[in-house]
Amino acid sequence: LEVSRGLVSGFAGVCGVLLLALVSAVVRTTRRSPMTGPEAMIGRIAEARETFTDGGRVFLDGEIWRARARSGIIERGDRVEVTAVDGLVLEVRKHS
(Lines give C-alpha, C1' and ligand atoms only; values in the text may rest on other atoms or scores of the structure.)
Protein backbone atom coordinates (compact mmCIF):
# COMPACT_ATOMS: atom_id res chain seq x y z
CA LEU A 1 0.00 0.00 0.00
CA GLU A 2 1.47 3.35 -1.05
CA VAL A 3 0.28 6.73 0.22
CA SER A 4 1.08 9.99 -1.48
CA ARG A 5 3.46 12.31 0.40
CA GLY A 6 1.18 15.24 -0.46
CA LEU A 7 -1.75 13.51 1.21
CA VAL A 8 0.27 12.78 4.36
CA SER A 9 1.64 16.35 4.45
CA GLY A 10 -1.83 17.84 3.97
CA PHE A 11 -3.32 15.67 6.69
CA ALA A 12 -0.48 16.56 9.09
CA GLY A 13 -0.95 20.26 8.31
CA VAL A 14 -4.68 20.14 9.01
CA CYS A 15 -4.10 18.24 12.26
CA GLY A 16 -1.46 20.80 13.29
CA VAL A 17 -3.81 23.74 12.66
CA LEU A 18 -6.61 22.07 14.63
CA LEU A 19 -4.25 21.33 17.52
CA LEU A 20 -3.02 24.92 17.54
CA ALA A 21 -6.62 26.22 17.61
CA LEU A 22 -7.47 23.89 20.50
CA VAL A 23 -4.42 24.90 22.54
CA SER A 24 -5.09 28.62 22.00
CA ALA A 25 -8.74 28.17 23.10
CA VAL A 26 -7.63 26.40 26.29
CA VAL A 27 -5.10 29.14 27.08
CA ARG A 28 -7.72 31.89 26.56
CA THR A 29 -10.18 30.07 28.82
CA THR A 30 -7.68 29.68 31.67
CA ARG A 31 -6.72 33.38 31.53
CA ARG A 32 -10.30 34.67 31.84
CA SER A 33 -11.60 35.92 35.17
CA PRO A 34 -14.03 33.68 37.05
CA MET A 35 -17.59 33.72 35.75
CA THR A 36 -19.22 32.53 38.99
CA GLY A 37 -18.88 33.03 42.71
CA PRO A 38 -18.00 36.15 44.70
CA GLU A 39 -14.91 36.93 42.60
CA ALA A 40 -17.09 37.41 39.52
CA MET A 41 -19.07 40.20 41.23
CA ILE A 42 -16.10 42.42 42.02
CA GLY A 43 -15.94 45.33 39.61
CA ARG A 44 -19.58 44.95 38.50
CA ILE A 45 -21.84 48.00 38.42
CA ALA A 46 -25.08 48.04 40.44
CA GLU A 47 -27.79 50.62 41.11
CA ALA A 48 -28.63 51.85 44.62
CA ARG A 49 -32.26 51.18 45.53
CA GLU A 50 -32.19 53.56 48.52
CA THR A 51 -30.04 56.29 50.04
CA PHE A 52 -27.56 54.91 52.58
CA THR A 53 -24.23 55.56 54.25
CA ASP A 54 -23.57 52.34 56.11
CA GLY A 55 -26.00 49.74 54.84
CA GLY A 56 -28.65 49.64 52.16
CA ARG A 57 -29.84 47.75 49.11
CA VAL A 58 -28.57 47.65 45.52
CA PHE A 59 -29.86 46.07 42.31
CA LEU A 60 -27.41 43.84 40.44
CA ASP A 61 -28.17 41.38 37.63
CA GLY A 62 -31.90 41.28 38.36
CA GLU A 63 -31.41 40.72 42.10
CA ILE A 64 -31.57 42.96 45.16
CA TRP A 65 -28.49 42.67 47.39
CA ARG A 66 -27.65 44.11 50.78
CA ALA A 67 -24.78 46.54 50.45
CA ARG A 68 -22.38 48.47 52.63
CA ALA A 69 -20.87 51.78 51.49
CA ARG A 70 -17.08 51.96 51.71
CA SER A 71 -17.17 55.73 52.15
CA GLY A 72 -19.56 58.63 51.72
CA ILE A 73 -23.25 58.75 51.03
CA ILE A 74 -24.83 56.63 48.32
CA GLU A 75 -28.00 58.21 46.93
CA ARG A 76 -30.96 56.28 45.54
CA GLY A 77 -30.33 55.68 41.81
CA ASP A 78 -26.54 56.13 42.04
CA ARG A 79 -24.43 53.72 40.05
CA VAL A 80 -22.07 51.89 42.41
CA GLU A 81 -19.17 49.53 41.86
CA VAL A 82 -18.79 46.32 43.86
CA THR A 83 -15.39 46.36 45.59
CA ALA A 84 -15.71 43.27 47.82
CA VAL A 85 -18.14 40.55 48.82
CA ASP A 86 -18.63 39.60 52.48
CA GLY A 87 -21.01 36.65 52.58
CA LEU A 88 -24.27 38.01 51.18
CA VAL A 89 -23.31 41.67 51.62
CA LEU A 90 -21.67 43.65 48.81
CA GLU A 91 -19.20 46.38 49.67
CA VAL A 92 -19.70 49.24 47.20
CA ARG A 93 -18.45 52.70 46.28
CA LYS A 94 -19.81 55.31 43.91
CA HIS A 95 -18.95 54.53 40.32
CA SER A 96 -16.81 57.25 38.76
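This note goes through the strands of a predicted model and then a patch on its surface.

1. Overall arrangement. Five strands close into a barrel, and their order around it is β1-β2-β3-β5-β4. The pairing is mixed. From one strand to the next, the twist averages 55°. As background, strands of a sheet pair through backbone hydrogen bonds, and they do so either parallel or antiparallel.

2. β2 with β3. Strand β2 covers residues 55-60 and strand β3 covers residues 63-69. The two run antiparallel and are joined by six bridges.

3. β3 with β5. Here the sense is parallel: β3 and strand β5, residues 89-94, pair over four bridges. A69 stands opposite V92 of β5.

4. β4 with β5. Strand β4, residues 79-86, runs antiparallel to β5, with six bridges between them. β4 and β5 form a hairpin with two residues between them. In that turn, G87 has a positive phi of about 65°.

5. Surface patch. Which residues form a nonpolar patch on the surface? They are L19, L22, V23, V26 and V27, and together they have about 430 Å² of accessible area. L19 belongs to helix α1, which spans residues 5-31. The relative accessible area of L19 is 52%, so this residue counts as exposed, the cut-off being over 50%.

Methods
Residues are numbered from 1 along each chain as its sequence is written. This is a predicted model: local features need pLDDT of at least 70, side-chain atom pairs count only at pLDDT 80 or more; totals for chains, interfaces and linings use all residues. Side-chain values use heavy atoms; hydrogens and water are left out. Two strands pair if DSSP finds at least two bridges between them. Axes are lines fitted to C-alpha atoms, for helices over the stretch in contact, and angles run from 0 to 180 degrees between N-to-C directions. Patches are made of residues with over 30% relative accessible area and no salt bridge: like charges are joined within 9 Å, nonpolar side chains (Val, Leu, Ile, Met, Phe, Trp, Tyr) within 5 Å. Accessible areas come from the Shrake-Rupley method with a 1.4 Å probe; for residues, only the protein chains shown count as cover. A salt bridge is a side-chain nitrogen of Lys or Arg within 4 Å of a carboxyl oxygen of Asp or Glu. Buried means under 20% relative accessible area, exposed over 50%, partly exposed in between (1.4 Å probe, protein chains only).
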